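Let's walk through this structure together, one piece at a time. Have the picture open beside you as you read.

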Amino acid sequence: MKYLSEYRDPQLARRLAREIRRITTKPHVLMEVCGGQTHAIVKFGIDELLPQTIELVHGPGCPVCVTPLELIDKAVEIASKENVIFCSFGDMLRVPGSHKDLFSVKAQGGDIRIVYSPLDALRLAGENPRKEIVFFAVGFETTAPANAMAVYQAKQRDVPNFSILVSHVLVPPAMEAILSSPHNRVQGFLAAGHVCTVMGYTEYAPIARKYNVPIVVTGFEPLDILQGIYMCVKQLEEGRAQVENQYARAVRRKGNEHAQEIIKKVFCIVHRKWRGVGEIPQSGLGLREEYREFDAEKRFGVTLCTAEESPECISGLILQGIKKPPECSAFGRTCTPERPLGATMVSSEGACAAYYRYRNHQVQQELPAHESR
Amino acid sequence: MNPVEIKNRKEFTITCPIPVRDYPHVLLAHGGGGKLMHQLIEKMFKAAFESSELHKGRDAAVLQLGQGKTAFTSDSYVVRPLFFPGGDIGTLAVNGTVNDLAMAGARPKYISVSFILEEGLAMEALWRVVRSIRRAALEAEVEIVTGDTKVVDRGKGDGMYINTAGIGEITHAQDIAPQNIQTGDAILLNGDLARHGMAVMAVREGLEFESAIESDCAPLADLVGALLSAGVEIHCLRDLTRGGLASALNEIASGAQREISIDEALIPVREDVASACELLGLDPLYVANEGRFIAIVPRRDQEKALTIMRKHPLGQGACLIGTVGNRGSALVTLKSRIGAGRILDMLSGEQLPRIC
């Protein structure tokens with residue numbers, strides 16, 4: 001398929017892997033920032049092609065995983081209300097809150113709809129003037145422009161029954177939080193290609209300089225990821241720490257300026273709590289004052305919420321690249337995609353779910369119960 | 001029934017086997033063809049309805065009635081929208097049941113059709129579906145011999161639900177079931193994957209692709225009959241409906257307690273279908289088909305089977321996609337396009353479109 005199969009070519013993949021082996025003289029720890037990259041790495045087995053001295057750790061770039069528990073609880077509360085049509089991207093529905101997930105709310109009569117765009121939710125608001133339409137606006141810089149556009153249009157058209165439950169997060173502050181942690185092991189980053197399609201990559205240069213880490217903007221297909229790893233390793237081997245762009249077919253240096261403009265118009269930068277990580281200053285987007293009327297938290301009065309995470313779950317350490325899923329005592333035992341303890345097991349982009357789905361035979365073999373089957 | 005008989009029956013637990021703590025309500029995922037549905041079937045239904053035939057996990061039960069063997073199956077159709085490119089709920093209701101019988105190696109003979117209609121359904125829509133059922137039954141060479149009609153209040157059904165049951169005649173002596181697959185067996189697929197699921201999804205969600213994807217809905221009994229009458233030894237057959245190829249392989253691996261390995265590069269997916277899947281973040285290996293099946297045959301019969309399949313209009317794209325391994329554990333592994341190995345698991349519920 002055009003623009004797809006050529007980036008999955010096995011011969012080219014092996015050639016790139018050989019090149020990576022050829023230039024690698026010492027151990028390196030690289031982090032792929034985006035959950036989509038983690039998914040591709042585990043799905044295609046890209047890490048199996050790498051020399052053992054290169055370790056890939058999985059970053060916090062999964063919007064489903066980092067959305068705080070309290071916010072899921074708020075979503076559950078709002079979605080359970082009479083007269084509300086709660087709209088969400090599909091994979092948020094299975095994320096467990098403190099007591100239940102959105103699928104359970106749906107089973108109990110809540111009107112919950114999977115949409116593909118926030119503009120679909122806005123259209124629903126027009127079609128159902130007597131209902132309150134709430135859109136669950138989560139995600140990184142990638143989903144922010146469309147969400148901002150929906151709010152902008154709602155204001156322009158004076159749509160009174162539309163609001164968003166917002167928990168947008170930003171990539172660069174999370175990278176800084178990881179790099180400034182005393183436990184940090186990351187020496188180089190594969191930056192998230194789709195985020196950079198929107199934002200460009202000028203904001204990464206100060207991070208590369210300050211922390212002396214190479215940052216390579218990388219795509220999502222196997223050859224993209226292998227090439228991103230090659231470029232990152234090459235910098236590390238040569239002692240460079242620059243921002244480079246592997247994903248040039250989609251990413252421009254300045255990104256999509258129209259998209260950035262609408263984000264700035266509707267959202268402002270706020271402190272944001274990340275599930276499993278904690279609050280990171282200036283790491284999220286919230287509605288600007290002039291758009292606060294579209295804030296679902298305010299409209300439904302659900303601002304006070306505290307929630308406890310499972311003490312067994314180490315998703316915070318996983319999201320920071322400090323630990324890997326199989327190092328968790330609950331992984332594949334008390335925590336599975338059917339009964340997830342933390343969000344990294346829920347989303348298909350979560351590192352735990354990816355390991356479970358594609359690698360769980362490694363765990364099964366360790367379990368006596370499975371050996372006897 | 002007198003009380004003594006009840007006492008002598010095997011004890012049946014009165015606690016619900018699906019822990020209420022986990023699932024106090026039925027979720028859509030309980031019917032999604034994934035792990036939750038299997039948990040419901042295994043723990044609740046199979047445990048409650050003791051039957052050695054039920055435990056074999058075939059698409060249709062194989063029963064001894066008098067001298068001959070008869071296959072019997074039933075299926076309900078709740079597809080939304082009722083009409084989609086390449087078919088409608090009527091063609092689906094006939095072919096689905098015909099195919100379940102075919103997967104037991106039977107020649108489908110008679111089916112029942114029961115309608116649950118919603119008050120207010122356009123009569124023209126019902127007539128259109130009835131004509132489709134007639135056409136599909138003629139094509140599949142089955143006779144509709146009985147049925148039922150119920151109407152429910154407006155708002156209590158999606159326009160129309162259909163249940164069909166079918167019986168078929170088994171005229172060969174082969175035992176076709178997951179338990180019979182052997183190390184080294186070849187896994188053959190009759191064509192490209194994921195068209196039905198994507199066709200329905202595109203209409204349901206109002207997604208516009210450059211070309212309309214049509215469902216692959218078709219009756220498979222004739223093709224299976226061709227394999228059987230040519231004397232191909234068949235160890236297992238399975239149509240790739242809800243949950244797609246991945247779920248079917250997992251069901252077989254688990255029924256047989258054997259390892260199955262497939263090669264992603266050998267699995268055909270049409271380009272427009274693959275693009276649609278990519279756009280939505282769906283894996284075609286988990287998407288439903290209504291005219292695709294796998295035949296697991298001994299290696300020595302592989303070429304013969306492929307030749308027969310390719311001569312049939314519904315098997316022109318037939319190909320080998322993998323083999324049964326020698327490990328005695330229920331596991332499906334996949335060699336990825338770039339040559340690395342991974343597990344191919346069953347999903348929990350339905351696939352969900354990803355955020356970004």
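The crossing of α6(B) and α9(B) is left-handed, meaning that the near helix is turned anticlockwise from the far one by less than a right angle. Their axes, which are lines fitted to C-alpha atoms over the stretch in contact with angles from 0 to 180 degrees between N-to-C directions, come within 10 Å and cross at roughly 60°. The two helices are therefore oblique to each other, the word for angles that are not under 35 degrees (roughly parallel), over 145 (roughly antiparallel) or 65 to 115 (roughly perpendicular). Arg195(B), Met198(B) and Ala202(B) of α6(B) make the contact with Val273(B), Ala276(B) and Cys277(B) of α9(B); contact requires C-beta atoms, placed from the backbone, within 7 Å.

This is a predicted model, where local features need pLDDT of at least 70, side-chain atom pairs count only at pLDDT 80 or more, and totals for chains, interfaces and linings use all residues. Residues are numbered from 1 along each chain as its sequence is written, while chains are lettered from A and ligands numbered from 1 in the order in which they are written. Helices (H or I, at least four residues) and strands (E, at least two) are DSSP runs, numbered from the N terminus.

Now turn to chain A. Here five strands form an open sheet with parallel pairing, in the order β2-β1-β7-β8-β9; strands pair if DSSP finds at least two bridges between them. β2 and β9 of chain A stand at the edges with a single partner strand each, so one side of each has no neighbour in the sheet. From one strand to the next, the twist averages 25°. Further in, β1 and β7 of chain A pair over three bridges, and Met31(A) stands opposite Phe189(A) in β7(A).

Key
Contact = placed C-beta atoms within 7 Å.
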